[in-house]
Amino acid sequence: MTEDFEQLANNGMPAEKLANVFLKEYLHGKEIRFPINPFQMLADMGVIFTFRPFKKYEGIYIPAANEEDFSIVGVNLNRPIARQRFTVAHELCHHLKDAKASFVCTANPQSEAERYAEDFAAELLMPSSELRKQIEVYQCDGCIDFDGVLKIADYFGVSFTACLYRLAY
């Protein structure tokens, strides 16, 4: 990777923009295929991920201790795959922008770093430009019905709730 994502984020780049800069660099000009595979992104970046039966956490990020070490992401194996995908995208943000700090991530993020990672994950998995295209396909009289939200969520490989939240906000 040529971009310094940590510096971009620390210089005030919004999470959504950081996700798009990352996607552009990661894809090297190739067309985006949906649903995006955040597991493959982590693997391509040399981050080890594992599934664990966490009771209180969605995921964890443990940075590499030094150049000879590797970063680790833990994902709650008790959660649906759509939530796991979102968690991995969230932890990817920590890897890009918070590579010197460990994070234990809950379902309701409170800190600024956690909210930033949530916004990054939403944009990474459901890029605004593609979301607008999907809205055009499924809207009727300026609204999207339940079935439309389900279809858009399926297209992006995210939960109904994540998609609905993204559409609403």
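A pocket, for this tour, is an open set of grid points with protein on both sides within 12 Å along at least five of seven lines, and its lining residues have an atom within 4 Å of a point. Keep that in mind as you look around this predicted model.

**Stop 1: the second largest pocket**

Select Glu6, Tyr61, His95, Ala99 and Lys100: of the 18 residues that line the second largest pocket, these lie nearest its centre. The space here comes to about 360 Å³. Now colour helix H1 (5–10) and H4, each of which supplies at least two residues of this lining. If you colour the lining by residue class, you will find nine nonpolar, three polar and six charged residues.

**Stop 2: the sheet**

Next, show the strands. Four of them make an open sheet in the order S1-S3-S2-S4, and the pairing is mixed. At the edges sit strand S1 (48–52) and strand S4 (103–105), each pairing on one side only. From one strand to the next, the twist averages 15 degrees.

Zoom in on S1 and strand S3 (residues 72–76), which run parallel and are joined by five bridges. To see one partner pair, pick Arg52 and then Asn76, its bridge partner in S3.

Bring in helix H4 (residues 81–97), which packs on the sheet and touches S1, strand S2 (59–62), S3 and S4.

**Stop 3**

Which residue forms a salt bridge with Glu58? Select Arg79 to find the partner; the closest N and O atoms are 3.0 Å apart. Glu58 lies in the loop between S1 and S2, while Arg79 lies in the loop between S3 and H4, so the pair ties together parts that are 21 residues apart in sequence.

**Stop 4: the largest pocket**

Finish at the largest pocket, which holds about 560 Å³ of space. Which residues lie nearest its centre? Select Phe86, Glu118, Ala122, Ala162 and Tyr165, which take that place among the 18 lining residues. H4 turns up again here: along with helix H5 (112–125) and helix H8 (160–168), it supplies at least two residues of the lining, as does each of the others. Colouring this lining by class gives nine nonpolar, two polar and seven charged residues.

Technical notes: Residues are numbered from 1 along each chain as its sequence is written. This is a predicted model: local features need pLDDT of at least 70, side-chain atom pairs count only at pLDDT 80 or more; totals for chains, interfaces and linings use all residues. Side-chain values use heavy atoms; hydrogens and water are left out. Two strands pair if DSSP finds at least two bridges between them. Helices (H or I, at least four residues) and strands (E, at least two) are DSSP runs, numbered from the N terminus. Axes are lines fitted to C-alpha atoms, for helices over the stretch in contact, and angles run from 0 to 180 degrees between N-to-C directions. Contact means heavy atoms within 4.5 Å. On a 1 Å grid over the protein atoms alone, a cavity is a set of points where a 1.4 Å probe fits but cannot get out, and a pocket is an open set with protein on both sides within 12 Å along at least five of seven lines; lining residues have an atom within 4 Å of a point. Grid points are joined across faces, edges and corners, and a volume is the space filled by probe spheres set on the points. Ala, Val, Leu, Ile, Met, Phe, Trp, Tyr, Cys and Pro count as nonpolar, Asp, Glu, Lys and Arg as charged, and the others, Gly among them, as polar. A salt bridge is a side-chain nitrogen of Lys or Arg within 4 Å of a carboxyl oxygen of Asp or Glu.
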